[in-house]
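Hi everyone, thanks for coming. Let me put a new structure on the screen and walk you through it.

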Amino acid sequence: MLKELKSFLLRGNVVDLAVAVIIGAAFGAIVTSLVNDIITPLILNPALSAAGVDKIAELSWNGIAYGNFLSAVINFLVIGTVLFFIVKAAEKAQSFGKKQEEVVEEEPAPTELEVLQEIKALLEKKII
């Protein structure tokens, strides 16, 4: 059961899907930060000022939160780097497991002549 779990978890599709979900969530954080912290303040303040709502524009203007956006980008880079090393380790584990299986499978199968000789030797031992 444990061997089946290992083969399921290290299968290529499962690892690829997990990486895609994690990278997608991290990239989603970048897009959200870009919209909320950079684009919205750039659009909202001039729009409120043009509408003649200067007091609300002054109160709502917190400036561009480029620190939040930079933090999201750095988080994405760190997550991507960690995932890269995890995937490399998983690939190495898969290749290590395959090498061990290949070594076991490399034992040559006995030829028909060898099998017949073994049968003959067993029969001679039982007769005598």
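Predicted model: local features only at pLDDT ≥ 70, side-chain atom pairs only at ≥ 80, totals over all residues.

Residues are numbered from 1 along each chain as its sequence is written, and side-chain values use heavy atoms, leaving out hydrogens and water.

The chain has 5 helices and 0 strands, counted as DSSP runs numbered from the N terminus (helices are H or I, at least four residues; strands are E, at least two). Of its 128 residues, 12% count as buried; buried means under 20% relative accessible area, exposed over 50%, and partly exposed in between, with a 1.4 Å probe and protein chains only.

Now, which residues make the nonpolar surface patch of about 800 Å²? They are Phe27, Val31, Leu34, Val35, Ile39, Leu42, Ile43, Ile64 and Tyr66. Helix H2, residues 12–50, gives the largest share, 7 residues. Ile39 sits in helix H2, and it counts as partly exposed because its relative accessibility is 35%.

Is aspartate 37 buried or exposed? This residue, also in helix H2, counts as buried because its relative accessibility is 15%. Leaving aside residues up to four places away in sequence, aspartate 37 touches Ile64, Ala65, Asn68 and Phe69, where contact means heavy atoms within 4.5 Å.

Technical notes: Patch = residues over 30% accessible without salt bridge, like charges linked within 9 Å, V, L, I, M, F, W, Y side chains within 5 Å. Areas by Shrake-Rupley, 256 points an atom, 1.4 Å probe, with all protein chains shown as cover. Salt bridge = Lys/Arg side-chain N within 4 Å of Asp/Glu carboxyl O.
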